[in-house]
Protein chains: 2
Amino acid sequence: MTTNNNKISIEQGSGGAASADLISQLRKTYQLDSNWTNTEDDGAVFDLGNEKLVFTTDAFIVDPVFFAGGDIGKIAMCGTINDLAVMGAKPIGLSVSIIIEEGFPKEDLLKIAKSINKISQQTNIPVVTGDTKVTDKGKIDKIEITTAGVGLTKTVINNSGAKIGDDIITSGSLGDHAAVILAHRFDYKTTLESDCQPLNQEIQSVLNMLTSCKDPTRGGLAANLNEIAYKSKVKMILEEDQLPYKKQTVAICDLLGLSIFDLASEGRFVATVNPKNTKAVLTKLKNAQVIGKVIEGNGIYLKTNLETLRKIENSSGKLIPRIC
Amino acid sequence: MTTNNNKISIEQGSGGAASADLISQLRKTYQLDSNWTNTEDDGAVFDLGNEKLVFTTDAFIVDPVFFAGGDIGKIAMCGTINDLAVMGAKPIGLSVSIIIEEGFPKEDLLKIAKSINKISQQTNIPVVTGDTKVTDKGKIDKIEITTAGVGLTKTVINNSGAKIGDDIITSGSLGDHAAVILAHRFDYKTTLESDCQPLNQEIQSVLNMLTSCKDPTRGGLAANLNEIAYKSKVKMILEEDQLPYKKQTVAICDLLGLSIFDLASEGRFVATVNPKNTKAVLTKLKNAQVIGKVIEGNGIYLKTNLETLRKIENSSGKLIPRIC
């Protein structure tokens, strides 16, 4: 891939290796403070004494703004709720900051606001503060939403908590969201719906049984598991016949020559669980399944049906499409 | 002014009356929760028991990205720090979410990151979490930054706290920021610099002596004072010969036919103070001055040098330029 090192490239926003590199360059120039921990996780943690405050943010430009199973408002709410949830926090409040392009249909804006409210009511997490700005035409493509959120918890789930012997689970099929957006962009017909949904209630129900937890948004399962494995200093083996992808999702990926492991979900989580708790977790979570095992070593590998091992790398380069 | 009611217009993002109307329409569709207070203020307040958590957010698209006295990174940091500060909170951590247009110069991005860090170090407020995304060309104009912040305080300053008899003060000259941006847009030569700066230390130093406090960003002094007067159910009289505007700022406004009362600052606050504390406040704050008085009634009026009274309305319509 040819890149001009003086200009920011799309792959630096993909959620893969180039993103991680850009973010680490930016972070170097930010000051961090010892009162906060987990600042390289989905959310940062501040110790309030008898409990911990978790704080996170997420920015969304979504094309299309409305898609099967959701819209930019729903995805912006779920993104931040889920980032708090995977840290083990109970979200207490969200901010919604909206930048709107002049001329954006008011009806669409109100539809998005209703969709924000629906998630707020469903989860009982209030939107408590915000910012609403309108820019000249061409300064932004339709609408951009950034959410931030605060949550409270006694115990934080760390990405470094996966243990050798743990089972790896997903809360449901992966990549549905990306597949829906891909299908829209390339004008494929599909009955798939985005998986976009809040995860806080599901995660809270099994919280004390998870040793690590992440939601595979940008960068997909590959980025999630590589991060957990790297931080936990373990290796992971996935079983091909337990891969959590729907047939339609795989078909869309095959058509476009993409790796399913890079596909984003917006309403699923991946976690590690001590095998003595696996049955209890699967009972609580209706659509969860075991997809692999944590072992000694490093890296993520797929054990194929032919018993070969294939390394699953952290995605790099431009993901088609930018989902969020 | 002709507007198409089906399309979002620039004046709905101006910080004036049309903005307030749009935001109230959007808010109607959001759920609010009784655990949070001050949700229509600069920040929302959550009661943690022995102290209060304040949470706020601000979105920035700035043109030009770099200006005399600052850049988009500095303004994004100061905007959120100041929103926490005017509520009386000590900011404990910020999030920085950046959306970058593909092809944006990397050198400029690192300059912005350094500027973010400089404010962080100067104020000792860490950036603890963030999001960095890159969009295709044309999806955003260069760069957009949304900051959110959390702060802690024992006592919240409310905008409804102004009392009859209070003095009205400003922490310094107003509108410098807007004047710099205006000068740039219209290619006027000026030696003015943006007032963009963090206010938390200044406000903390006089905190217990302020009865209300706001920073006059979008919508300027007119929007600030109208909000305080409305919420406090009081009238305010400003003295023309005490107006806190520099000559160059007034000249730029006159040339462009704008009202100085609508001009944004990004590093100033306006407050009301019991007259028994005014001297102490002015001693603590180097550049503060009294600009008027709170009396019984409603609305904001300018007492001119000819002893006439002129009503200062909340700005409406398109402010030139959109500053942030």
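**View 1. Strands S2 and S3 of chain A in the predicted model.** Strand S2 (residues 44-47) of chain A pairs with strand S3 (residues 52-60) of chain A through 4 bridges, in the antiparallel sense. The model shown here and in the other views is predicted. Val45(A) has Val54(A) as its bridge partner in S3(A). On the sheet packs helix H2 (residues 72-86) of chain A, which touches S3, strand S6 (90-101), S7 and strand S8 (143-153) of chain A. The direction of H2 makes about 150 degrees with that of S3(A).

**View 2. The open sheet of chain A with the strand order S1-S2-S3-S8-S6-S7.** This sheet has 6 strands, and their pairing is mixed. Strand S1 (36-37) and strand S7 (127-135) of chain A are at the edges. Each of these two has a single partner strand, so one side of each has no neighbour in the sheet. Helix H3(A) lies across S6, S7 and S8 of chain A and runs at about 15 degrees to S8(A).

**View 3. Helix H3 (residues 106-123) of chain A.** How far apart are the end C-alpha atoms of this helix of 18 residues? They are 26 Å apart, which agrees with the 26 Å that the helix should span at 1.5 Å a residue. The buried residues of H3(A) include Lys106(A), Leu109(A), Ile112(A), Ala113(A) and Ser115(A). Also buried in H3(A) are Ile116(A), Asn117(A), Ile119(A), Ser120(A) and Thr123(A). Just after H3(A) comes Asn124(A), with a positive phi of about 60 degrees.

**View 4. Contact between domain 1 and domain 2 of chain A.** The domain assignment of chain A places residues 32-153 in domain 1 and residues 167-311 in domain 2. Their C-alpha centres lie 23 Å apart. On the domain 1 side, 24 residues are in contact with 25 residues of domain 2. The two domains of chain A bury about 1,900 Å² between them, and 56% of this area is on carbon and sulfur atoms. Which three residues supply more than any other three of the area that domain 1 of chain A buries against domain 2? They are Ala68(A), Asn82(A) and Val86(A), which supply 25% of that area.

**View 5. Partners of strand S13 (residues 289-295) of chain A.** Strand S9 (residues 167-170) of chain A is joined to S13(A) by 4 bridges, and the two run antiparallel. In this pair, Thr170(A) stands opposite Gln289(A). Strand S11 (residues 235-239) of chain A is also joined to S13(A) by 4 bridges, again in an antiparallel arrangement. Here Met236(A) has Val294(A) as its bridge partner in S13(A).

View 6. S11(A) pairs with S14(A) in the parallel sense over 5 bridges, and Glu239(A) stands opposite Lys303(A). S14(A) is joined by 3 bridges to strand S15 (residues 309-311) of chain A, and these two strands run antiparallel. Lys303(A) stands opposite Leu309(A) in S15(A). S14(A) and S15(A) form a hairpin with 5 residues between them. Glu307(A), in the turn, has a positive phi of about 70 degrees.

**View 7. Asp262(A) in a loop of chain A.** This loop lies between helix H7 (247-256) and strand S12 (270-273) of chain A. Is Asp262(A) buried or exposed? Asp262(A) is buried, because its relative accessible area is 18% and the cut-off for buried is under 20%. Asp262(A) is 175 residues from Met87(A) in sequence, and their C-alpha atoms are 22 Å apart in space.

**View 8. The open sheet of 7 strands in chain B.** The strand order is S10-S12-S9-S13-S11-S14-S15, with mixed pairing. Strand S10 (210-214) and strand S15 (309-311) of chain B are the edge strands, each pairing on one side only. On average, neighbouring strands of this sheet are turned by 30 degrees against each other, direction ignored. Helix H6 (residues 220-232) of chain B packs on the sheet, and the strands of chain B that H6 touches include S9, S10 and strand S11 (235-239). The direction of H6 makes about 145 degrees with that of S11(B). Strand S9 (residues 167-170) and strand S13 (residues 289-295) of chain B run antiparallel and are joined by 4 bridges. Ile169(B) has Val290(B) as its bridge partner in S13(B).

Terms used:
Residues are numbered from 1 along each chain as its sequence is written. Chains are lettered from A and ligands numbered from 1 in the order in which they are written. This is a predicted model: local features need pLDDT of at least 70, side-chain atom pairs count only at pLDDT 80 or more; totals for chains, interfaces and linings use all residues. Side-chain values use heavy atoms; hydrogens and water are left out. The expected span of a helix is 1.5 Å times one less than its number of residues. Buried means under 20% relative accessible area, exposed over 50%, partly exposed in between (1.4 Å probe, protein chains only). Two strands pair if DSSP finds at least two bridges between them. Axes are lines fitted to C-alpha atoms, for helices over the stretch in contact, and angles run from 0 to 180 degrees between N-to-C directions. Contact means heavy atoms within 4.5 Å. Domain bounds come from an automatic or database domain assignment. Buried area is the accessible area (1.4 Å probe) that two parts lose on being put together, summed over both.
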